[in-house]
Amino acid sequence: MRRRSDAGFTYIGLLIVVVIIGIALSAVGTVWRTQAQREREQELLFIGRDFERAIASYYLAGRQFPQEIDDLLDDKRGPKPLHHLRRYYNDPMTGAQDWNIIRADFQGITGIASSSKDAPIKKDGFNSDEGPFKHATSYSDWQFEYKPRLRLRRPGGVPKAAD
């Protein structure tokens, strides 16, 4: 026969085990959430670079920027349609196609940025042209923008004389 006081100790022991399991699961959940955010950051970097490459390809094919994202998907400016971008990606930080579109004055779309105001985890290890990302306070500060390089020509096509 069990005494009534023994049953109370078993109940308290069971409650302690449940609390320990709860704490362990919350720690695992935090690690999982952080890892998932890091993976979404990597996806945002990939998609942003893909958009930037697509805008560059569109620009180099006709010396003008696209007016709409659909122009990157199906460029009908020439005799043969070009596809600079495979598909219109969702913003991995929001899960929707709610990108902030970066436009140059009367020129068209020059880039994109996430619409998320969440703070990024990644603060270093970016490509050389992504230097400003180090100081970003939100994902919307990660702007993937194509800026054409201007090539200056010398007047008259005369090469510079060697000293």
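Arginine 77 is partly exposed, because its relative accessibility is 32%. On that scale, buried means under 20% relative accessible area, exposed means over 50%, and partly exposed is in between, with a 1.4 Å probe and protein chains only. Before going further: this is a predicted model, where local features need pLDDT of at least 70 and side-chain atom pairs count only at pLDDT 80 or more, while totals for chains, interfaces and linings use all residues. Residues are numbered from 1 along each chain as its sequence is written, and side-chain values use heavy atoms, with hydrogens and water left out.

Back to arginine 77. Its salt-bridge partner is aspartate 75, with the closest N and O atoms 2.8 Å apart. A salt bridge here is a side-chain nitrogen of Lys or Arg within 4 Å of a carboxyl oxygen of Asp or Glu. Aspartate 75 counts as buried, because its relative accessibility is 3%. The charged end of arginine 77 also sits over the ring of tyrosine 58, 3.6 Å from the ring centre. For that label, NZ of Lys or CZ of Arg must be within 6 Å of the ring centre and within 35 degrees of the ring normal.

The salt bridges come to 6 by this rule. Another one joins arginine 103 to glutamate 68, at 4.0 Å between the closest N and O atoms. Arginine 103 is in strand 1 and glutamate 68 is in the loop between helix 1 and helix 2, so this pair ties together parts 35 residues apart in sequence. Helices (H or I, at least four residues) and strands (E, at least two) are DSSP runs numbered from the N terminus.

What is the order of elements from the N terminus on? They run α-α-β-β-β, that is, 2 helices and 3 strands. Arginine 63 is in the loop between helix 1 and helix 2, and its phi is near 55°, a positive value in a residue other than glycine. Phenylalanine 106, in the loop between strand 1 and strand 2, also has phi near 55°. For context, most residues other than glycine have a negative phi. Phenylalanine 106 is exposed, with a relative accessible area of 88%.

Now the interior. Buried residues make up 29% of the 163 residues in the chain. The largest nonpolar core has 25 residues, and those touching the most other members are Leu44, Phe51, Leu72, Trp142 and Phe144. Such a core is a set of buried Ala, Val, Leu, Ile, Met, Phe, Trp, Tyr and Cys residues joined through side-chain atoms within 4.5 Å. Helix 1 contributes the most to this core, 9 residues.

Which residues form one aromatic cluster? Phe126, Phe133, Tyr139, Trp142 and Phe144 do. The structure has 11 aromatic pairs; rings of Phe, Tyr and Trp (its six-membered ring) pair if their centres lie within 6.5 Å, and planes under 30 degrees apart count as stacked, over 60 as edge-to-face and the rest as tilted. Tyrosine 59 and phenylalanine 65 make a tilted pair, 4.7 Å centre to centre with 35° between the planes. Phenylalanine 126 and phenylalanine 133 have their centres 5.5 Å apart and planes at 85°, so that pair is edge-to-face. Both phenylalanine 126 and phenylalanine 133 are buried. Over the ring of phenylalanine 126 sits the charged end of lysine 122, 5.1 Å from the ring centre.

That is where I will stop.
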